[in-house]
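User: I am new to this structure and would like to learn how to read helix packing and chain contacts. Could you take me through some cases?

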2 protein chains.
Amino acid sequence: MTNPVLVEVLRGSIVESAHRGAIAVYDAAGRTVWEIGDTAKPVFPRSAVKAIQALPLVESGAADAYGFGNRELALACASHSGEPEHVETARSMLAKAGLDEVALECGSHWPGNHGATVALARSGGAPNALHNNCSGKHSGFLCTCCHSGIAHRGYVAAGHKLQDMVRDAMEAVTGAAHGVDHCGTDGCSIPTYAVPLRSFATGFARMATGERLGAERAKAAQRLLWACMAEPFMMSGTGCADERLMKAAPGRIFVKMGAEGVYCAAIPELGLGIALKCDDGAIRAAEIMIAGVLAKLLAKDGELAAELRRQAVQPILSRNGVKVGELRPADALG
Amino acid sequence: MTNPVLVEVLRGSIVESAHRGAIAVYDAAGRTVWEIGDTAKPVFPRSAVKAIQALPLVESGAADAYGFGNRELALACASHSGEPEHVETARSMLAKAGLDEVALECGSHWPGNHGATVALARSGGAPNALHNNCSGKHSGFLCTCCHSGIAHRGYVAAGHKLQDMVRDAMEAVTGAAHGVDHCGTDGCSIPTYAVPLRSFATGFARMATGERLGAERAKAAQRLLWACMAEPFMMSGTGCADERLMKAAPGRIFVKMGAEGVYCAAIPELGLGIALKCDDGAIRAAEIMIAGVLAKLLAKDGELAAELRRQAVQPILSRNGVKVGELRPADALG
C-alpha cells in the first residue's frame, strides 16, 4: 500500500517536494474515527510516546517523593531544545535523587535551539548529557530507579528492570505486543518498539480519557498529559511546533513529536487519540500533518480551527527573510 | 506516476523510513542511458547547477582578468560549509573586483559546518554574507558584473542583465526552455527554473564532454568542472558527501548537491551526465542515491565501485556513537 501525499512543499507556485504519510485517529475503545494510509504497519514511535514511558515515574511514587510538579513531569515527557531552563530543571530532578549528569546514559549533543548553542559556545562551554533533548526523560528514569531501589547503572538497556517497567506500560496502554523482533535502539540508547499507528492512537485516547487503564494508571496518565499541556515550553522549546500547537488551546490539545516524522496527540474533550508518521521521516512535514488533522477534528471551534489551519501552512523564507514558498497540507488532508 | 523507493532507512532490522525519487542518466546527445521514475517532470535544480551558472564568469573573461585559479572557480560552483578557507577565498575574490561583503545580496546564515559555527561563536563573531553557502557563486556573479561593466546592484533579481546571462547559459546547456512560468526564487534570492531531470542530465554530459556547446563554452565548461574535481573541499566542506565522492576518484567524478534532495553529476570518461531528485527533498537520501548510481555506472572499476557502494551505505549512530541503523539503497537502486 502506497500512502498518499499529505504535505506539499511549494516554491513560487510549483510543488517542489512532497511528503507521504499515514494518520490514525482512534477512540479509547480502539474504534477507528478517521484513517489515512496504512495504519496497521508497525512504526517506531520514537520520542512521541515519552508520556507513556513516564508512567512508572508517577506510578512508582517517585514523582511525589521528589516533589515533582508540572514542570518536572513535562520535562520527563519532553524532547527539549536544550535551553537553560531545560538543563537546570533536569539537573534539579537528578539532584533530588542524589545524582548528577554523570548518571545519564543518553549521550550528549549541542542544544537543538540555535540561540542556546551560540550562547553555550560564546560562554566557552560545551554540551553534556543534560543538553540532550531526552535528558528529562532519562532523569525521570533515574529517579524511578532510585526511589524504587533499582540499581540504575545500565538503565537504558533492554532487559534492565526499568526498561521492563516502561515496556509493560507501553503494552498495557497501547494494547499491542512489544516483542524483541520489533525492537530497535533509539538515539538516546533505550529500546524502541515498532507497533501499528492505530495502537498508538488508541493508547493516547486512553491516556487522555483514562478509559481502560485502571484507576491508578488513569490518574497517572492524566496527571502527565495535563502537566505537558500546562508547560508546553518544558515539553519542547522556544518556537517549536509542539509549543505553538499546545499554546493555541491551553489544556485542550496534547501533542508530542518523535524523530523520523512521528506525532502522537490527544484531544481530551473529544476522547480521541492521534498517531501519524511521515513515510520519509521528515519532521517538517509531520508538523504540518498534525496541525492539519487537529484543525479538521476541532472544526466546530471556528476560531481554534482557523488558528490550527494557519499553523498548518508554514512559510519558506530566503536567507534575506523574504517568503519564497510554503509547506501546506495536500488535498488528502485539506 | 509514483516514483519508486530508492533509499531505505533502517533501525535495527526494520525499515523505519523510505525515500522515493527519480534518476536520469543521459549522454550529451540527449540519449537515455538509464532512468528510474519520472524524469520528465520539471524540478528545481537549486544549487546543483552552480557550475553552469558560473559559465559567464569564465566566458566574460572575468576569471582570467582577476587571476582566478581552481580554488576560486570551485568556490564559484560551491555550496560551501562556511569554514574559514571558504570565507577568506570569497572575500579575496570580491577584493579583486574592488568589492567587499556589503555587495553580496545572498543574505547570511551561520556556517553549515558545526565546528565552524562553534568557533565563530566562541570568537564572539557572528555570520555575515560571506558565510552563506552561496557566497562563492555570488562573488563570481559580482566579479562578472564588475569586469563586464554591468552595474551590480540588484544582480540577484530576474531581469537583471547578469541573471539573463545565467539563464541563457542554462538554456543553451540543458536545451530546455527556462520560462517565467517555471521560475521560483532560490534561498539565496536568485531565480531558479524548474526543468526536467533529463535536461539537467544531458546538460552535465555536455559540460563534461564539451559536446554541443561550441568551442569557447566547451572550454569554459571543462575548466569549471575540472576546477571542482581538483578542489572538492572548496566545492563543499569537511566531511560533506560531495567532497567524499569526488575524493574517491580524483578527476573522474563530478558531483554537486542541491537543496530539496537534488544532485547533478558527470562521469567524463563515460561521457555521461546524471540528475536526480528525492521526492521529499531529503538531502540525506539524495546522497545515498548519487553514490548508488555512480557505483552502478562505474561497476567495471571494481575497486572504485566498492568504495562507492561503501559510501552508499551510511550508519545511523546513537548519541553514544553506537550504530543503531543505516541508510542504504533500496532494491530499485541496488
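**Helix packing and the chain contact**

Analyst: Helix 9 of chain A and helix 10 of chain A are roughly perpendicular to each other, because angles of 65 to 115 degrees are counted that way. Their axes cross at roughly 90° and come within 7 Å. Keep in mind that this is a predicted model.

User: Which residues make the contact of helix 9 of chain A with helix 10 of chain A?

Analyst: Helix 9 of chain A contributes Met207(A), Ala208(A) and Thr209(A), while helix 10 of chain A contributes Ala221(A), Gln222(A), Leu225(A) and Trp226(A). Sorted by class, the residues of this contact are five nonpolar, two polar and no charged.

User: At what angle do helix 7 of chain A and helix 8 of chain A cross?

Analyst: The axes of helix 7 (residues 135–148) of chain A and helix 8 (residues 161–174) of chain A cross at roughly 110° and come within 10 Å. That angle makes helix 7 of chain A roughly perpendicular to helix 8 of chain A. The crossing of these helices is right-handed. On the side of helix 7 of chain A, the contact is made by Phe141(A), Thr144(A) and Cys145(A); on the side of helix 8 of chain A, by Leu162(A), Gln163(A), Met165(A) and Val166(A). This contact has five nonpolar, two polar and no charged residues.

User: Are helix 13 of chain B and helix 14 of chain B roughly parallel or roughly antiparallel?

Analyst: An angle over 145 degrees counts as roughly antiparallel. Helix 13 (residues 283–297) of chain B packs on helix 14 (residues 302–311) of chain B at about 160°, with the axes 8 Å apart. The two helices are therefore roughly antiparallel. Their crossing is left-handed.

User: Which residues of helix 13 of chain B and helix 14 of chain B meet?

Analyst: Ile288(B), Ala291(B), Leu294(B) and Ala295(B) of helix 13 of chain B meet Ala305(B), Leu308(B), Arg309(B) and Gln311(B) of helix 14 of chain B. By class, the residues of this contact are six nonpolar, one polar and one charged.

User: How many residues does the contact take from chain A and from chain B, and what area is buried between the chains?

Analyst: Chain A gives 45 residues to the contact and chain B gives 45 residues. About 3,600 Å² is buried between chain A and chain B, and carbon and sulfur atoms give 50% of that area.

User: How many salt bridges are there between chain A and chain B?

Analyst: The count between chain A and chain B is four salt bridges. In one salt bridge, the side chains of Glu260(B) and Arg284(A) meet at 2.7 Å, N to O.

Terms used. Residues are numbered from 1 along each chain as its sequence is written. Chains are lettered from A and ligands numbered from 1 in the order in which they are written. This is a predicted model: local features need pLDDT of at least 70, side-chain atom pairs count only at pLDDT 80 or more; totals for chains, interfaces and linings use all residues. Side-chain values use heavy atoms; hydrogens and water are left out. Axes are lines fitted to C-alpha atoms, for helices over the stretch in contact, and angles run from 0 to 180 degrees between N-to-C directions. Helices (H or I, at least four residues) and strands (E, at least two) are DSSP runs, numbered from the N terminus. Angles under 35 degrees count as roughly parallel, over 145 as roughly antiparallel, 65 to 115 as roughly perpendicular and the rest as oblique. A crossing is left-handed if the near helix is turned anticlockwise from the far one by less than a right angle, and right-handed if clockwise. Contact means heavy atoms within 4.5 Å. Ala, Val, Leu, Ile, Met, Phe, Trp, Tyr, Cys and Pro count as nonpolar, Asp, Glu, Lys and Arg as charged, and the others, Gly among them, as polar. Buried area is the accessible area (1.4 Å probe) that two parts lose on being put together, summed over both.
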